[in-house]
Amino acid sequence: MSQVYVAGFGIVSALGIGAESNLKHLKKGVSGIRKPKYFHSKYAENYHFGEVPFSDEDLIRHLSFGPPENCSRTNILAQLAFEEAIQSAGLSTSELSSFRTGIISSSTVGGMCNTDDLYADANEFQDPSQFIHTYDNANHALELAKKFKIKGFMDVINTACSSSANAIMLGTQLLLSNQLDCVIVGGVDSLAKYTVNGFNSLRILDPAWCKPFDESREGLNLGEGAGYLVLKKSAILEKNTLYVNGYANQNDAFHPSATSEEAHGPILAMQKALVKAELVPNQIDYINAHGTGTPNNDRTELFAFSQVFDGIPPYSSTKSYTGHTLAAAGAIEAIYSLLALRHNETWKALNNPTPIEHFKAQEKDNLQKEIHHVMSNSFGFGGNCSSLIFSKVV
Amino acid sequence: MYIQEANHIGIHVPDSDDLGNIFLENKCFLVQEPDYTGIIPSNILRRMGKAVRLGMGVALPIIQKYPVDAIIMGTANGGLEDCIKFLNQIVEFEEGVLTPTNFVQSTPNALAGQLAILTQNHCYNNTHTNNALSFENALIDLKLQFEDHENIQNAIVGAVDEISTYNFTIDCLTGIFIKKDQVAKNWVLENYKGAIAGEGATMFYLTKHSNNTSTIKIKAISVGLLLDEHEISENVKELLLKHQLSVNDIQFISTGRNGDERYQSIYDQVEALFPNAALNHFKSKCAEYKTATGFAVYEAFQTLQKQTKTSHYLIFNTLNQRQSLILIEKESN
């Protein structure tokens with residue numbers, strides 16, 4: 001039976017540009033969340049964000065293939081992670097432009113990161129701004145397709161905070177169904193007044209550092225970034241190859257912007273991913289939790305763990321390092337899961353002095369043992385719950 | 001996969017030679033919304049933006065009638081009216097205290113999420129936002145779920161996009177749409193410098209296997225990106241070849257002509273491949289929006305229901321550097 005394996009990946013987040021920089025900060029236990037330098041908003045003065053620590057101009061300087069034609073921060077971040085992904089997978093230009101290669105991306109805010117320009121453009125208060133072509137949710141993916149001549153397949157998914165997890169799932173299915181030989185999957189979001197004010201109106205932002213799975217957690221920190229994985233299929237995988245082993249997409253069917261106490265969606269997503277991977281729950285070595293730091297999410301997710309697992313495996317939320325990167329979160333955390341598998345380690349949970357006591361399980365810091373199977377959760381508005389399982393060939 | 005039922009809320013095109021009056025005010029075609037009483041619960045109807053309302057209006061009559069194993073939506077924009085309303089508040093109230101209703105309604109997955117909530121449906125749930133391929137991607141998604149999951153046997157798949165003042169403005173500035181004071185009745189054949197805008201919502205109930213009620217099958221969906229005119233014609237021929245069909249096996253050809261001069265030669269070329277097929281220009285009845293192929297499939301379903309012999313219906317559309325072909329087959333009764 002063929003398996004879909006990860007041929008390469010690329011990442012940009014508050015922990016920096018590239019997998020190496022991200023891993024370095026995770027190992028050190030240093031969060032990328034701080035008061036933002038480049039993001040302009042009333043909330044920039046007092047709130048904490050997982051901002052990518054570079055200006056647009058500096059980010060462009062890190063690109064190998066020149067700036068995108070339409071140069072929003074979203075499009076720059078997407079291209080940065082995309083470039084690293086295809087380079088680490090060693091994809092040739094002919095492979096990229098083959099009709100058997102595709103891209104599935106995702107974003108929630110897209111070009112709306114330039115909230116003030118969109119306001120002026122939509123209301124015709126100015127001549128069209130330079131961002132006029134970027135507001136479409138799919139623009140970042142079209143820019144990538146144009147730049148790298150991807151003609152085989154393109155899709156863009158928006159299921160809010162689970163978007164790029166669904167991109168990974170759909171890409172895996174396209175390969176398994178033999179529609180494509182190679183697919184680049186992931187997502188991107190950049191900080192935007194739009195989302196900051198949206199989440200603030202829902203009162204789920206913590207102005208200070210977010211505290212996932214802590215008793216005193218008050219809300220999430222928004223972050224930005226991008227992550228892309230290059231997926232391919234093979235019948236024979238070498239030792240230590242990382243592969244997509246399980247996936248599921250289910251709906252909580254409870255509330256547009258909150259999860260149910262019974263955790264229907266999260267439980268179903270995790271259970272079905274385990275079935276797909278043909279694993280029993282206790283084979284999961286580590287869970288990269290959705291763990292946003294909101295009172296609602298973390299309670300629900302922990303309850304879901306207690307229902308799915310007899311003894312809850314070690315888990316943590318890396319959102320205490322990156323903030324919640326929305327559509328990019330599924331891909332960024334998939335990459336952290338892959339790094340955990342590759343390096344046999346997990347990283348210190350930050351801002352977590354008093355873990356939620358109601359459940360017996362504790363977050364386990366700095367797990368160092370052979371890791372074979374990692375679960376990565378992504379839950380979003382609209383009740384969208386997705387769970388992925390990545391594994392390593394032994 | 002087989003189409004069991006289809007629902008559509010669309011624009012109103014008056015049956016006269018002069019469409020001037022409609023255009024003088026709106027410069028685009030707007031949907032005629034039905035009375036939602038009895039379809040959408042009034043307490044939630046109040047909070048809904050147009051796109052969610054339209055989607056609910058076509059989906060609920062179906063979803064309440066049948067078992068649904070997957071909910072998959074295609075929408076280029078989602079609730080853009082709500083989105084810009086929220087945006088206007090952000091700027092005008094200088095990021096003050098805002099109410100979240102518009103924000104929550106503006107997310108493109110709000111419709112698929114609301115459908116799940118209203119029907120307590122925990123099944124597979126996805127939303128595609130790939131501009132002019134959003135609906136096609138939703139169909140491809142379902143095809144993959146049918147292949148991959150034994151327990152997914154049926155689904156609701158939708159194509160929904162609204163026109164709001166704001167996205168109309170932006171898409172006019174980017175050159176997708178054009179504002180005309182009046183249009184001729186056969187405006188899809190005109191050589192305007194942009195398309196005439198519309199909006200609509202279409203919803204399908206699809207099953208993996210045929211049953212006694214429908215033998216109308218979505219046989220193939222082919223999507224293209226950044227293709228030149230030559231490659232597009234080649235794609236059409238390849239699709240037919242793959243399904244062992246000749247051009248004469250296609251009884252109906254429906255294309256997305258939209259009055260925009262930039263696309264006319266592509267449509268000329270594709271239409272010329274099928275000299276013996278009945279030609280339809282679906283956008284003359286739904287105008288241009290990014291998920292308009294949903295309406296084209298709806299029309300195909302209506303047309304094929306009337307056929308008794310095996311028939312093939314091919315839809316070709318192109319917009320914003322994307323192309324799609326949808327092949328629908330009626331198996332003989």
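**Entry 1: polar contacts between the chains**

I counted polar contacts between chain A and chain B and got 29 residue pairs, both residues at pLDDT 80 or more. A polar contact here is a pair of N or O atoms within 3.5 Å; within protein, one must be able to donate a hydrogen and the other to accept it, and residues adjacent in sequence count only if both atoms are side-chain atoms. I note that this is a predicted model, where local features need pLDDT of at least 70 and side-chain atom pairs count only at pLDDT 80 or more, while totals for chains, interfaces and linings use all residues. Residues are numbered from 1 along each chain as its sequence is written, chains are lettered from A and ligands numbered from 1 in the order in which they are written, and side-chain values use heavy atoms, with hydrogens and water left out.

**Entry 2: the interface**

I looked up which residues take part: 66 come from chain A and 61 from chain B, where contact means heavy atoms within 4.5 Å. The two chains bury about 5300 Å² between them, 58% of it on carbon and sulfur atoms. Buried area is the accessible area (1.4 Å probe) that two parts lose on being put together, summed over both. Tyr119(A), Lys151(A) and Tyr194(A) supply 12% of the area that chain A buries against chain B, more than any other three residues.

I then checked salt bridges, meaning a side-chain nitrogen of Lys or Arg within 4 Å of a carboxyl oxygen of Asp or Glu. The interface has 3 of them. Lys151(A) forms a salt bridge with Glu231(B), at 2.9 Å from N to O. H8(A) gives the most to the side of chain A that touches chain B, with 7 residues. Helices (H or I, at least four residues) and strands (E, at least two) are DSSP runs, numbered from the N terminus.

**Entry 3: salt bridges within the chains**

I searched the whole structure and found 30 salt bridges over all chains. Lys146(A) and Glu69(A) form one at 3.9 Å, N to O. Lys146(A) is in helix H6 of chain A and Glu69(A) in the loop between helix H2 (56-61) and helix H3 (73-89), so the pair ties together parts 77 residues apart in sequence. Glu69(A) is exposed at 64% relative accessible area, whereas Lys146(A) is partly exposed at 24%. Buried means under 20% relative accessible area, exposed over 50%, partly exposed in between (1.4 Å probe, protein chains only).

Glu329(B) is buried at 9%; Lys219(B) is partly exposed at 21%.

**Entry 4: cores**

I looked for nonpolar cores, that is, sets of buried Ala, Val, Leu, Ile, Met, Phe, Trp, Tyr and Cys residues joined through side-chain atoms within 4.5 Å. The largest has 84 residues, of which Leu229(A), Ile218(B) and Ile328(B) touch the most other members. Helix H12 (residues 329-343) of chain A gives the most to this core, with 9 residues. Leaving aside neighbours within four places in sequence, Leu229(A) has contacts that include Val6(A), Ile184(A), Leu338(A) and Phe390(A).

**Entry 5: one buried threonine**

I ended on Thr293(B), in helix H12 (residues 293-305) of chain B. Thr293(B) is buried, with a relative accessible area of 1%. Not counting residues up to four places away in sequence, Thr293(B) touches Phe135(B), Glu136(B), Phe282(B), Asn317(B), Ser324(B) and Ile326(B).
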